[in-house]
Amino acid sequence: MLTDNIYQEERIPTQFERFWRSYKANSLAMFGLWCLGLIILITLIAPWLAPHDPQAQSGELLLPPSWSPAGTVEYFLGTDDLGRDILSRLIAGSQLSFGAAVLITVISAVIGCFIGIMAGMTKGLLSSTLNHLLDTVMSIPSLLLAIIFVAFLGFGEFNILLAICLALIPRFVRSVYIAVHTEVEKDYVMAARLDGANDFYILWNSILPNILVVIASEATLALSIAILDITALGFLGLGAQAPSVEWGAILGDSVELIYLAPWTVTLPGLAIMFTVITVNLVGEGVRQALNAGIE
């Protein structure tokens, strides 16, 4: 093959190129990435994409989806008991269910990783105390922990987001702390210290590349948990309140119609399930690609 390179040796691919090459080889992960891109696009342009006002009440009550003989294309996924378009409500609700989950996952990841790294680089009584304290906190399910925070902070969309964010931070602290603490004890870190490298150099160039798998796995799990917790609290009536378009609130508001109009319950549930599965597919693909790059 002709080339402009006068040297015979091949160009060494960068770390990102090796990661992307490994990720593209996983067809299931690529499918999840395309689906995730679609969800992100819908979330970003939701106000302009919704065909109707999510809160507008039409005269068409409990209209079935368009594939039903009684349905119409104008209301593609049908309407609820107040005549509101379900498709528009699901599109608008993506900002409260998925968009808010991404936001609080990023915030909790930044805070938790910072605390975990600082704790993992230290030794002695402080490190041991933090380890046992996080073991205690991690024994409590995140949803229960979020409900406890909501009990202190009060109901409302902002309070549940703050509560879930506080409940997710210990997960990142615990995972990153263990990963950093394990890497610090390895021989290559001791060799770098003997060569005169400072803690920041060791952390940035040696430890962080080796714990990316842990951070990626924990971020994926935290995003799934955040979506499920937001929708669960909305379903229980502790989070977003009616007539909110948050998927859990829609599900809780329509649960009594499951026999009369099952599409009002199944469609929000399918949206939640599809989003969580997509996030897990992408996260598993990232984890496998990072592992392939390290090994």
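Accessible areas here come from the Shrake-Rupley method with a 1.4 Å probe.

**Figure 1. Overall view of the protein chain in a predicted model.** The chain exposes about 16200 Å², and carbon and sulfur atoms supply 69% of that area. Its secondary structure consists of 12 helices and zero strands. The C-alpha atoms fill a box of roughly 75 × 65 × 25 Å along the principal axes. Of the 295 residues, 43% are buried.

**Figure 2. Contacts and charges in the protein chain.** Taking contacts between residues at least 6 apart in sequence, 69% join residues at least 24 apart. The chain carries 12 positive and 24 negative charges.

**Figure 3. The tilted pair of Phe19 and Tyr23.** The structure holds three aromatic pairs. One of them joins Phe19 and Tyr23, with 6.0 Å from centre to centre and 35° between the planes. Both residues belong to helix H1 (residues 15-24), where they sit four residues apart, about one turn of the helix. Phe19 and Tyr23 are both buried.

**Figure 4. The stacked pair of Trp20 and Tyr23.** The ring centres of Trp20 and Tyr23 are 5.9 Å apart and the planes meet at 10°, so this pair counts as stacked. Trp20 and Tyr23 lie three residues apart in helix H1, about one turn of the helix. Trp20 is partly exposed because its relative accessibility is 31%, whereas Tyr23 is buried because its relative accessibility is 2%.

**Figure 5. The aromatic cluster in close-up.** Phe19, Trp20 and Tyr23 form one aromatic cluster. Tyr23 takes part in the tilted pair with Phe19 and in the stacked pair with Trp20.

Note on methods: Residues are numbered from 1 along each chain as its sequence is written. This is a predicted model: local features need pLDDT of at least 70, side-chain atom pairs count only at pLDDT 80 or more; totals for chains, interfaces and linings use all residues. Side-chain values use heavy atoms; hydrogens and water are left out. Helices (H or I, at least four residues) and strands (E, at least two) are DSSP runs, numbered from the N terminus. Buried means under 20% relative accessible area, exposed over 50%, partly exposed in between (1.4 Å probe, protein chains only). Contact means heavy atoms within 4.5 Å. Lys and Arg count as positive and Asp and Glu as negative; His and the chain ends are not counted. The place of a charge is taken as NZ of Lys, CZ of Arg, CG of Asp or CD of Glu. Rings of Phe, Tyr and Trp (its six-membered ring) pair if their centres lie within 6.5 Å; planes under 30 degrees apart count as stacked, over 60 as edge-to-face and the rest as tilted.
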